[in-house]
Amino acid sequence: MIEWYDFVVFGTVSVLVFGKVFYPEQTPFIALLSSLGTFAIGFLARPLGGIFFGYLGDRIGRRNTLMVTLALMGVATLLIGLLPGYHAIGVAAPALLILLRLVQGFSLGGEFGGVATLLIEHAPKDRRGAVGGWAQAGGFVGPLLGTVVILILRSALSDAELVSWGWRVPFLLSVLLIVVAAYIRTHITESPEFERARAHKELSKHPLRGVIAEYPKEIFCVFGMHAGNALLFYTGLTFAVAYITRNVGLSQTVALWANAVFLLAATISCIVVSRLSDRTGRKPIYLAGTILGMVMAFPLFYMLDTANVGIVLLAAAIMGAIEGGFLYGIQPSYFGELFPTKFRYLGMSLGYQAATVLVGATAPMIGVLLTEWSGGHPWAFSLYLIAILVLAAVSVLLAGETRHRDIERIEDQRGDSSLTEPRGAV
């Protein structure tokens, strides 16, 4: 929750404020693109963070690695909240903003693999989906909390006050939340599965080389599956804010309420559907999510274009429910069941972060550019959504079902359909 609060607050503020604070010399459109570019550039560091922290996590343990990611994110977010704007220090302001954004990205690159691995390795076999879903729910509650803070500021402050100092508040507030997160992580025990693997000398001395050589298909499947999810997530959370305000003509407040509804629906769906995956399996749910996303790619934008606040909020809720429950919620269990303990942290991180960079990070900018190219209409971006979701569906079919796998014996079970897809599985 804390990591995602810090990371996504940046995305929301970048759309609303950063163009005026850090790129005031540009035209409004170029300033928006520059702000979205700054948001996206943090993603460049995420694969590096995924590799670095994944390597550490598979060598020295999940718990200690996660303490480092938290510290880096906390320091970077605090410094962003204290950073002077362009009028105070000139071009140094956006340059420092980009640097701190890269630190944020580096930190977050190691977060998903570590948290997901730690949780499912603690969880009973028949509850890995449900337990992993709580981590993903935190990934929505963090941005939801940040959105609420920004909504309060947006309502309480004038535009001038928000641009002058109000935007700093959500970044500075994160310090209090980081203290809580640090306390929790210092009191968590190491994964029993990792301790077992270490005791039996099963850990790899070269996890990066080993996972790429031995599990390339699984890395690709994680990449493809997460690509569909990442595109829906950043479309709903960041591009939608720009689209609702620039193209539909509604206020920033309405756009932020749409964000809040998207995140709340995603949180509820995430918890409910991830539990369901422990009974039905991962494959049918994820496949259903990709199909629902394709079916709704055009209707969701038609709903936004009505400019009716109620219909706009309903569209946000539908997108959140699809992305949160059917895709994001079951990723820890689904992805973790594809890799053995010695490669789990790193293997998950490689595919996940590569998809985030290539597809998720670029979603807001591609959305703005395609919409501009198509004369203000979203049809081109809707086709792009469908194409990426087709890739995700193909990746699900390649990955197959994993619910019944024993995560201590992944290597023995690869390719054995009797252990991965029991009779009656979809």
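**Exercise 1. How much space lies in the largest cavity, and which residues line it closest to its centre?**

Solution. The structure here is a predicted model, and a search of the whole of it finds five cavities of 30 Å³ or more. In the largest cavity lies about 150 Å³ of space. The lining of this cavity is made up of 17 residues, and those closest to the centre are Gly236, Ala240, Leu304, Ala316 and Met319.

As a next step, assign the lining to helices: at least two residues each are supplied by helix H13 (216–248), helix H14 (252–280), helix H16 (299–305) and helix H17 (309–327), and the largest share, six residues, comes from H13. Finally, sort the lining residues by class, which gives 14 nonpolar, three polar and no charged.

**Exercise 2. Describe the largest pocket by its volume, its lining and the helices that contribute to it.**

Solution. Begin with the volume, which is about 620 Å³ for the largest pocket. Its lining consists of 27 residues, and Met1, Glu111, Val115, Ala135 and Arg185 are the ones that lie nearest the centre. Turning to the helices, helix H1 (2–22), H4, helix H7 (111–122), helix H8 (128–156) and helix H10 (169–186) each supply at least two of the lining residues, while H7 gives the most, with six residues. The classes in this lining are 18 nonpolar, four polar and five charged residues.

**Exercise 3. Repeat the description for the second largest pocket, and state which helix gives the most to its lining.**

Solution. About 330 Å³ of space lies in the second largest pocket, and of the 19 residues that line this pocket, Val15, Leu16, Lys20, Pro28 and Leu32 lie nearest its centre. At least two lining residues each come from H1, helix H2 (28–41) and H13, and H1 gives the most, with seven residues. Sorted by class, the lining has 11 nonpolar, six polar and two charged residues.

Methods:
Residues are numbered from 1 along each chain as its sequence is written. This is a predicted model: local features need pLDDT of at least 70, side-chain atom pairs count only at pLDDT 80 or more; totals for chains, interfaces and linings use all residues. Side-chain values use heavy atoms; hydrogens and water are left out. On a 1 Å grid over the protein atoms alone, a cavity is a set of points where a 1.4 Å probe fits but cannot get out, and a pocket is an open set with protein on both sides within 12 Å along at least five of seven lines; lining residues have an atom within 4 Å of a point. Grid points are joined across faces, edges and corners, and a volume is the space filled by probe spheres set on the points. Helices (H or I, at least four residues) and strands (E, at least two) are DSSP runs, numbered from the N terminus. Ala, Val, Leu, Ile, Met, Phe, Trp, Tyr, Cys and Pro count as nonpolar, Asp, Glu, Lys and Arg as charged, and the others, Gly among them, as polar.
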